[in-house]
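Please read it with the structure open.

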Amino acid sequence: MDRSQRVRRVLCITGVLAAILSGYYLLVSMTPIVIPCVFHEITGLLCPGCGVTRMLLAISRGEFVEAFGYNPALFVLLPVLAADLCWCTYLYIRYGRVKSRIHSAVMWTAIVILLVFGVWRNF
């Protein structure tokens, strides 16, 4: 697959994800329907991702302090993960693969932070 095909693939995937996220945003902001956290429903505990929808809705309204309150770990990690996504997209378009020590380090660090946060927020 050449570079132009990879660009088209990235644009197609981005478009599909944007449509899905836009649809979910409209659903959640205009109705009381939300996707429940299965982990919370089963255990009664908060998972590391609990509050993400409310956090993103608060960010979309420009209410950053409120967004931080819903999920502080992901709020802080969001710019880092967005930058990592851009880096991986660049690597994929340029070289056709995503193999990077930076990406691995970011992902493992994010996983550890989210696991520690998940335990901490339930105590």
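The numbered points below go from the overall fold to single residues.

1. **Basis.** This is a predicted model, in which local features need pLDDT of at least 70, side-chain atom pairs count only at pLDDT 80 or more, and totals for chains, interfaces and linings use all residues. Residues are numbered from 1 along each chain as its sequence is written, and side-chain values use heavy atoms, with hydrogens and water left out.

2. **Fold.** The chain has six helices and zero strands. Along the sequence the pattern reads α-α-α-α-α-α. Helices here are DSSP runs of H or I with at least four residues; strands are runs of E with at least two; numbering starts at the N terminus. The C-alpha atoms fill a box of roughly 50 × 35 × 30 Å along the principal axes.

3. The accessible surface of the chain is about 8800 Å². Carbon and sulfur atoms hold 73% of that surface. Areas come from the Shrake-Rupley method with a 1.4 Å probe; for residues, only the protein chains shown count as cover. Of the 123 residues in the chain, 21% are buried. Buried means under 20% relative accessible area, exposed means over 50%, and partly exposed lies in between (1.4 Å probe, protein chains only).

4. **Contacts along the chain.** Take the contacts with a separation of 6 or more: residues 24 or more positions apart account for 47% of them. A contact means heavy atoms within 4.5 Å.

5. **H1 against H5.** Helix H1 covers residues 3–30 and helix H5 covers residues 72–95. Their axes come within 7 Å and cross at roughly 145 degrees. Axes are lines fitted to C-alpha atoms, for helices over the stretch in contact, and angles run from 0 to 180 degrees between N-to-C directions. On the H1 side, the contact uses Arg-3, Arg-6, Val-7, Arg-9 and Val-10. H5 brings Thr-89, Tyr-92, Ile-93, Arg-94 and Tyr-95. By type, the residues of this contact are five nonpolar, one polar and four charged. In that count, Ala, Val, Leu, Ile, Met, Phe, Trp, Tyr, Cys and Pro are nonpolar; Asp, Glu, Lys and Arg are charged; the others, Gly among them, are polar.

6. **A nonpolar surface patch.** Which residues form the nonpolar patch on the surface? They are Ile-13, Val-16, Leu-17 and Ile-20, with about 370 Å² of accessible area together. Patch residues have over 30% relative accessible area and no salt bridge; nonpolar side chains (Val, Leu, Ile, Met, Phe, Trp, Tyr) are joined within 5 Å, like charges within 9 Å. Ile-20 lies in helix H1. Ile-20 counts as exposed because its relative accessibility is 53%.

7. **Salt bridges.** There are two salt bridges. The rule asks for a side-chain nitrogen of Lys or Arg within 4 Å of a carboxyl oxygen of Asp or Glu. Arg-61 pairs with Glu-63, with the closest N and O atoms 3.0 Å apart. Arg-61 also meets Glu-66 in a salt bridge, at 3.3 Å from N to O. Glu-63 is partly exposed at 31%, and Glu-66 is partly exposed at 30%.

8. **Gly-51.** This residue sits in the loop between helix H2 (38–43) and helix H3 (52–60). Gly-51 is buried, because its relative accessibility is 10%. Leaving aside neighbours within four places in sequence, Gly-51 is in contact with Tyr-70 and Asn-71. Gly-51 and Asn-71 are 20 residues apart in sequence and 5.5 Å apart in space, C-alpha to C-alpha.

9. **Leu-57.** Leu-57 is in helix H3. With a relative accessible area of 15%, Leu-57 is buried. Neighbours within four places aside, Leu-57 is in contact with Tyr-25, Val-28 and Ser-29.

10. **H6 and the segment after it.** Arg-101 lies in helix H6 and is exposed, with a relative accessible area of 78%. Asn-122 is in the segment after helix H6 (101–120). Asn-122 is partly exposed at 28%. Not counting residues up to four places away in sequence, Asn-122 touches Leu-45 and Leu-46.
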